[in-house]
Amino acid sequence: MKILLDFKKRAKKFLDSPPDSLHFLMNDYCNCACVFCNQDFSQSSKKDITLEKFKEIISNLAIDRVKNFHFSGGGEPLLSKDIFPIIEYVNANYPKINVSIRTNGLLIHKYASIMADLNVASLEVSIHGLAQENDFILQRKDATDTVFKGIALLNDLLKEKNKKISKAFCCVVSMTNIHVLEGLIKKAAELKVEKLNVEFCRYFPHQAGPKLAEKDSLYFHQNIYNRTILISHVIAWWKGIKLKHDPLFGKPPKKFSCSMPWDVMLIGPDGDVFPCCGGEAWFNDQVKSSKYYFGNLLKEPLLTFWNKGTYSALRKGLASPCNEGLLPECKSCHRSIYTLGPDRKEGHIFK
């Protein structure tokens, strides 16, 4: 109740600065076709956040409060031609802002030397098993060996320069790959990757098929998930890896209320703003149709939309008792496993 009351106060408060963390969706195209991806790349605009666009976006922000810039997608951020000039610009002009990159890792070997020269605080690599499992999920032959070799090369270059980038593996699990967590933990230790983040695979109508069957959702294999996670904790402790994962089945949900519309902002290649991680998928159709409008940082300053319209309505809905007035998209959000627990089929399989 205290959390909800705090959020209610925040919802009424005039927010005069952006959130701590800005996520830049560098593009909407990719070099993989992951079987669980919720992005429809057939509708790609083939646009990027260029250095010029980035400078324009920054000029429309009250940036003093920002602590983190995350460069991700959307699509695969390392395909964007200006991502490294942008990071160089941030390093030179906003040295106190931490920079992180989330990537599928296929291009790390190509850009390892550049990455080692820049100030990058953290690197998150989406990797979903060892070669057999990850190659299948990415739908790319020999992809996994390329990723692992790229990380090893980056490690060597960082050692030469006496620099460090914190690294994490991000693994989406279903019955197709839950059995490989032990091997992935050991591989992380070998490659000096400090963290492993494990998330449930979610099933969307346009993905479910022969390559990704709903029956493989861990919702239907709860004991296997719980047992594997508990064993993985022991192995991770032994290997010195920090393991973070979605909640265990059968556990009551912790008191949790979404704070993303206060703390996080996503910005797409056209300057469109989304209020949460995943918002670029959940709210995409509504933003395109102009049903919702969260703002556009290539067209207007932050304060023209930050406390108005859909943004304000979203915060008030999240902050109200029992989440009254919640937007429909929030009710079916993949993060509902934290607010309502993982034991609901609706938290795993979306219709």
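1. Helix 7 and helix 8 cross in a right-handed sense, meaning that the near helix is turned clockwise from the far one by less than a right angle. Their contact (heavy atoms within 4.5 Å) involves Leu181, Glu182, Ile185, Lys186 and Ala189 of helix 7, and Thr228, Ile229, Ser232, Ile235, Ala236, Trp238 and Lys239 of helix 8. By class, these residues are 7 nonpolar, 2 polar and 3 charged.

2. The model is predicted: local features need pLDDT of at least 70, side-chain atom pairs count only at pLDDT 80 or more, and totals for chains, interfaces and linings use all residues. Residues are numbered from 1 along each chain as its sequence is written, and side-chain values use heavy atoms, with hydrogens and water left out.

3. The axes of helix 7 (residues 181-190) and helix 8 (residues 222-239) come within 9 Å and cross at roughly 20°. The two helices are therefore roughly parallel to each other, a label for angles under 35 degrees.

4. Helix 5 (residues 131-138) has Glu133, Asn134, Asp135, Ile137 and Leu138 buried, that is, under 20% relative accessible area with a 1.4 Å probe, protein chains only. These buried residues pack against helix 6 (143-160).

5. The protein has 14 helices and 9 strands, taken as DSSP runs (H or I, at least four residues; E, at least two). Buried residues make up 53% of its 351 residues. Of contacts between residues at least 6 apart in sequence, 73% join residues at least 24 apart.

Note on methods:
Buried < 20%, exposed > 50% of the residue type's maximum accessible area, 1.4 Å probe, protein only. Axes fitted to C-alpha atoms, helices over the stretch in contact; angles between N-to-C directions. Parallel < 35°, antiparallel > 145°, perpendicular 65-115°, else oblique. Nonpolar A, V, L, I, M, F, W, Y, C, P; charged D, E, K, R; others polar.
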